[in-house]
Amino acid sequence: MTPSQRFLLRLSIGAALASFGIPGPGSFAKDLPGYDELDKVSRHMAFTPRASEQALIRTGTLVQSDERLGVPTFVWAARSSPAAGMSLVKGIPREEQVARRHLGDYASLYRLGPDDVAGAVAASIHNTGSGAVIVTFQQRVGGIEVFRDEMKIIMDQDLDLVAISGYLPGLGIAGPAAGRQGFALDAGEAIAAALKDYLGPGGQFIAGSDLVRTGAKPGGYDDFDLSAAAQAQTSLRLTEPARIRQVLFHLPET
């Protein structure tokens, strides 16, 4: 391999891994198809609120839903004002506590139980002092994040509920041990598989054991790079360490 080819390959690998959060020069990237496990779902399950849930929905508005999962994705809420009479716990933001109460009030609409509401993680709170107050909840199973799923509780400055956007998966569909079950690949093997897919037939083979952890990054990510031994045996280089973390995907039944 000539130096110019190696340079382009290094740039290409860096660009290809940009989809995993690693910056790289896009002009050298090879287009790879996006992947979404939900694309395999062919059935459609229109969401219909139960009669007892109609009072939760603002009169004259429709509930938007994801028919692949059969869950609401946007609800204009009937006004509720739980903040005035709530007993607040010291040390937890007031916005989070009121938003969780709203989530509990609307849990049946999303087929969620008390454990789902209690276990939801408040990932962020947006409150500038004027306009909408937004608390974003996410879900974890056995400590592992459910990728992409989140619910935004949208309130006014009095913390009265305005709308709910997104959804959370119920822990019951995952099973109690789902987050603790072993992944089919370890981190090095997963990165090696991504590189193999990127390089295609005829590309240099990298084994999972050729990649070593080089540090941790915010958000639960770990950095991996080629080991010194692997670099001595191949001309491949990563322009920056590969960033990786485990996540779970929400499917209709699991």
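Thr234 counts as buried because its relative accessibility is 13%; buried means under 20% relative accessible area, exposed over 50%, and partly exposed in between, using a 1.4 Å probe and protein chains only. This is a predicted model, in which local features need pLDDT of at least 70 and side-chain atom pairs count only at pLDDT 80 or more, while totals for chains, interfaces and linings use all residues. Residues are numbered from 1 along each chain as its sequence is written, and side-chain values use heavy atoms, with hydrogens and water left out.

Where does Thr234 lie? Look in the loop between helix H6 (228-233) and strand S11 (242-244). Helices (H or I, at least four residues) and strands (E, at least two) are DSSP runs, numbered from the N terminus. Leaving aside neighbours within four places in sequence, Thr234 is in contact with Gln204 and Ile206, where contact means heavy atoms within 4.5 Å.

Which residues of H5 are buried? They are Gly188, Ile191, Ala192, Leu195, Tyr198 and Leu199. Seen down the axis of H5, these buried residues fall within an arc of 120 degrees, so they line one face of the helix; the arc is that of the directions from the helix axis to the C-beta atoms. On the face turned away from the buried side of H5 you will find the exposed residues Lys196 and Asp197. Just after H5, Gly200 has a positive phi of about 75 degrees.

## Aromatic pairs

The structure holds two aromatic pairs. Phe74 and Trp76 make an edge-to-face pair, 5.1 Å centre to centre with 75 degrees between the planes. Rings of Phe, Tyr and Trp (its six-membered ring) pair if their centres lie within 6.5 Å; planes under 30 degrees apart count as stacked, over 60 as edge-to-face and the rest as tilted. Phe74 is buried at 17% relative accessibility, whereas Trp76 is partly exposed at 35%.

Phe147 and Phe249 form a tilted pair, 5.2 Å centre to centre with 45 degrees between the planes. This pair links distant parts of the chain, 102 residues apart: Phe147 is in the loop between strand S6 (144-145) and S7, and Phe249 in the segment after S11.
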